[in-house]
Amino acid sequence: MGDSGLIIEFLNREKDVDLNQSLSDADKAVSRAFTKMGEENTYWGGVRNRYMDNFETLLEVMEASWSLRLLMTVTSDVTPTLWAQGMGRHSRDETESIVEKDLKALSTFLGTKPYLMGDEPTEADAAIFGQLSEARCTYPGT
């Protein structure tokens, strides 16, 4: 399955789990908005950061071998994909500003709560955790 939302729906059905069962309809809407912000905005800012703006740093972080470096250099031209998605149409500074606003919105909403939507983890926490982990591990200087 090519989409985390479809994977979550599948696991919910197969394992009879619903991480959002305690959420009101309004909370589910907020949860979805944060999840989609992460998947459709923050994620693509990270792709640009890694593969366009800091590709050499990414290779160093990954301790890539010479052959892997060559393969990644040849096959990692993500510019057309980023252009089609929209994030590639922004300057580096604009992209960083967009991602920074996303992260500040998450931080403000999280506040002192243990989880994004309150006292229990939800689907949004799983989705956002993936985005933040990737940023923590692969954005230079984080």
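**Chat: a loop residue and some helices**

Tutor: This is a predicted model, and a handy place to start is aspartate 16, in the loop between α1 (4-15) and α2.

Student: What's its phi like, positive or negative?

Tutor: Positive, about 50 degrees, although aspartate 16 isn't a glycine.

Student: And is aspartate 16 buried or exposed?

Tutor: Exposed: its relative accessibility is 74%, and the cut-off for exposed is over 50%.

Student: OK, switching to α6. How many residues has it got, and how far does it reach?

Tutor: α6 runs over residues 92-110, so to speak 19 residues, and reaches 27 Å from first C-alpha to last, close to the 27 Å expected at 1.5 Å a residue.

Student: Which α6 residues are buried?

Tutor: Thr95, Val99, Asp102 and Leu106. Looking down the axis of α6, the buried residues fall within an arc of 50 degrees, so they line one face of the helix.

Student: What's exposed on the other side of α6?

Tutor: Asp93, Lys101 and Thr108 are.

Student: And what covers the buried residues?

Tutor: The cover includes α2 (25-53) and α7 (123-138).

Student: How do the axes of α2 and α7 cross?

Tutor: At roughly 20 degrees, with the axes coming within 9 Å. The two helices are therefore roughly parallel to each other, and their crossing is left-handed.

Student: Which residues make that contact?

Tutor: On α2 they include Phe34, Gly38 and Tyr43, and on α7 they include Ala127, Ile128 and Gln131.

Student: Last one: which residue just after α6 has a positive phi?

Tutor: Glycine 111, at about 55 degrees.

Methods: Residues numbered from 1 in each chain as written. Predicted model: local features only at pLDDT ≥ 70, side-chain atom pairs only at ≥ 80, totals over all residues. Heavy atoms only, no water. Helix = DSSP H or I, 4+ residues; strand = E, 2+ residues; numbered from the N terminus. Expected span 1.5 Å × (residues − 1). Buried < 20%, exposed > 50% of the residue type's maximum accessible area, 1.4 Å probe, protein only. Arc of directions from axis to C-beta. Contact = heavy atoms within 4.5 Å. Axes fitted to C-alpha atoms, helices over the stretch in contact; angles between N-to-C directions. Parallel < 35°, antiparallel > 145°, perpendicular 65-115°, else oblique. Left-handed = near helix turned anticlockwise from the far one by under 90°.
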